[in-house]
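Trainee: I would like to go through this model step by step. Can we take it as questions and answers?

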Amino acid sequence: MELSRDEEEALAGKQGEALASAYRILAAIGEATGAKKLVPIQWAHVSGVNYNTIGDAGVQFLEKFSREAMIAVKTTVNPMGYDRTKPEGISEKFQEKQSSIVKSYERMGVAPSFTCTPYEVFDIPQKGTAVSFAESNAAVFSNSLLGLMTNKESALSALASSVTGKAPLSDLRLEEARNPKVGIEANFKFESELDYGLLGYFAGKTVKDSSVALDISRPSTIEAKALSAAIGTSGSCGMFTIGKGRETISFGKEDVQAARDELSTADDGDIITLGSPQLGMNELDYLAKLVEGKKFTKRCMIFCSKAIHNQAAKIGLTGRIERSGAEFMCDSCTCLTPYVSKDKYDSVVSNSVKGAYYLNSSNKVKVALKDIKTIAKEYTK
Amino acid sequence: MIISNCKKIVGGSGEGHALVTAQPINFLAMVDAKTGVITDSRHELYNKSLKGAVLVFPYAVGSSVGAYAIFSLREYGTAPSAVVCSKADITTASGCAIASIPVVDLPQDTPLSAIKQGAVAAVQADEGKIIVKV
């Protein structure tokens with residue numbers, strides 16, 4: 001990858017160690033993705049906010065990095081580990097470490113969005129705009145449905161793009177990679193958003209390219225979120241298109257069942273978690289209608305961003321849901337939250353394929369995977 | 001045996017026993033940073049440690065935070081001494097860049113299995129070269 005003179009100098013440390021390491025990251029991902037140059041981006045969305053995901057090494061890294069670097073473009077951030085207004089059951093150590101991470105990001109000037117669905121919270125730039133999104137569901141959703149151009153960035157590569165305002169011109173930032181070779185033909189009837197999640201999980205696992213064509217009708221926002229999050233979880237694919245590819249892979253009933261068997265490891269759970277991705281207005285409205293006049297029979301946590309929560313509160317939507325006994329956990333999400341740990345629960349009911357993957361593998365908690373409608377039906381009365 | 005014409009992703013050099021897998025790795029979900037051990041019982045490298053090894057694998061999958069997981073390996077002293085991919089992904093490239101772990105991609109016509117499990121391998125990323133001692 002060719003660097004300009006200014007970029008070379010920054011890489012050599014002329015603008016400080018933080019920017020030098022940012023350019024080291026950009027140089028490495030530029031080589032990995034075969035980029036010829038860096039281009040300006042207009043928005044970075046950074047992951048690596050939850051203490052459970054970045055650990056002590058991450059806390060220390062950000063503390064140091066944030067004393068030397070400032071954001072160069074609009075930067076939004078992923079959920080943290082918990083809702084600071086609901087610290088019950090969260091250890092003091094966790095709260096301290098989490099607070100340090102939040103301070104580091106704020107010191108760099110990020111918008112304290114704590115959301116994995118920035119595309120539901122912020123104004124969307126025009127189609128074709130280069131951005132750098134680390135959160136994989138946001139990258140897949142934005143490439144596929146909003147026409148933004150991002151690679152499936154890592155926490156550190158999006159951070160490097162945030163403080164330099166640049167990203168490699170490669171892969172999904174070029175039209176060629178956005179034209180999928182492989183298509184998946186869904187040979188079964190979708191019954192809920194969960195089936196879109198299972199399709200996404202299969203697609204991510206099966207297709208090694210940057211994009212995949214899905215021969216399905218255009219999904220609703222709720223379905224597209226489930227699909228995007230699942231594609232982002234299981235593989236390296238960062239975009240889907242609706243239509244046929246040049247090669248076709250079939251996704252039939254037995255594939256749906258195989259994906260379900262892998263992710264759904266329990267029949268029932270001690271509690272219910274809704275989200276990942278964090279619920280948006282569409283899902284909250286859908287849920288409110290399903291639980292109207294009913295009460296949850298188990299503890300139910302709803303993960304959403306503060307921005308969506310505030311918007312929903314204004315029109316009375318949060319109140320309608322809270323009357324069912326469900327609790328809102330803002331700024332956080334199902335994946336790797338200390339709210340859902342092995343010492344507290346053996347198993348969890350969740351609507352999320354992505355959540356199920358991380359609950360099983362990282363939280364070591366078993367998961368009963370069910371769609372929102374089924375959860376509302378089975379666990380309220 | 002010398003494998004030349006590798007593509008440098010992160011410069012530097014490192015040597016160790018080759019830990020070879022054809023399966024992708026999710027660094028956030030599958031690796032215990034404190035020990036460097038692969039903790040996913042469904043993975044071929046289950047219970048194997050990355051510490052000091054030359055990790056030979058296709059590419060990373062899964063969470064974007066995997067980059068911090070790679071950086072954590074360095075901080076805990078459990079990092080591989082070098083990484084060889086069939087096609088390094090952004091998580092591996094960025095995590096290793098910050099952790100100063102050399103990374104190369106194998107030439108397109110060279111399979112991962114060209115490096116035998118447990119063989120001593122020396123990766124010289126800047127020269128695009130892997131020396132495998134049998």
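Trainee: Into which domains is chain A divided?
Mentor: Keep in mind that this is a predicted model. Chain A splits into three parts: domain 1 (5-175), domain 2 (179-260) and domain 3 (265-378).

Trainee: How far apart do the C-alpha centres of domain 1 and domain 2 of chain A lie?
Mentor: The two domains touch: 13 residues of domain 1 of chain A are in contact with 15 residues of domain 2 of chain A. On the domain 1 side, five of these residues are nonpolar, five polar and three charged. The C-alpha centres of the two domains are separated by 26 Å.

Trainee: Which element gives the largest share of the side of chain A that touches chain B?
Mentor: Start with the contact itself: 33 residues of chain A meet 30 residues of chain B. Elements giving two or more residues on the chain A side are α2 (17-32), α3 (51-68), α6 (155-164), α8 (221-234) and α13 (353-363) of chain A. The largest share is seven residues, and it comes from α2(A).

Trainee: How many residues of that side of chain A are nonpolar, polar and charged?
Mentor: Stay with the side of chain A that touches chain B. By class, the counts are 11 nonpolar, 17 polar and five charged.

Trainee: Which residues of α8(A) make the contact with α5(A)?
Mentor: From α5(A) come A:Ser136, A:Asn137, A:Ala139, A:Val140, A:Phe141, A:Ser144 and A:Leu145. By class, the contact of α5(A) with α8(A) has seven nonpolar, six polar and one charged residues. The α8(A) residues are A:Ala224, A:Lys225, A:Ser228, A:Ala229, A:Ile231, A:Gly232 and A:Thr233.

Trainee: Is the crossing of α3(A) and α4(A) left-handed or right-handed?
Mentor: The axes of α3(A) and helix α4 (residues 92-108) of chain A come within 9 Å and cross at roughly 40°. These helices are therefore oblique to each other. As α3(A) passes α4(A), the crossing is left-handed.

Trainee: How many residues of the contact of α3(A) with α4(A) are nonpolar, polar and charged?
Mentor: The α3(A) residues are A:Tyr51, A:Val59, A:Leu62, A:Glu63 and A:Ser66. Those of α4(A) include A:Phe94, A:Lys97, A:Ile101 and A:Met108. The contact divides into seven nonpolar, four polar and three charged.

Trainee: Where is A:Pro277 found?
Mentor: The peptide bond from A:Ser276 to A:Pro277 is cis, with omega near 0°. A:Pro277 belongs to the loop between β10 (271-274) and α10 (281-291) of chain A.

Definitions and conventions. Residues are numbered from 1 along each chain as its sequence is written. Chains are lettered from A and ligands numbered from 1 in the order in which they are written. This is a predicted model: local features need pLDDT of at least 70, side-chain atom pairs count only at pLDDT 80 or more; totals for chains, interfaces and linings use all residues. Two residues are in contact if their C-beta atoms, placed from the backbone, lie within 7 Å. Helices (H or I, at least four residues) and strands (E, at least two) are DSSP runs, numbered from the N terminus. Ala, Val, Leu, Ile, Met, Phe, Trp, Tyr, Cys and Pro count as nonpolar, Asp, Glu, Lys and Arg as charged, and the others, Gly among them, as polar. Domain bounds come from an automatic or database domain assignment. Axes are lines fitted to C-alpha atoms, for helices over the stretch in contact, and angles run from 0 to 180 degrees between N-to-C directions. Angles under 35 degrees count as roughly parallel, over 145 as roughly antiparallel, 65 to 115 as roughly perpendicular and the rest as oblique. A crossing is left-handed if the near helix is turned anticlockwise from the far one by less than a right angle, and right-handed if clockwise.
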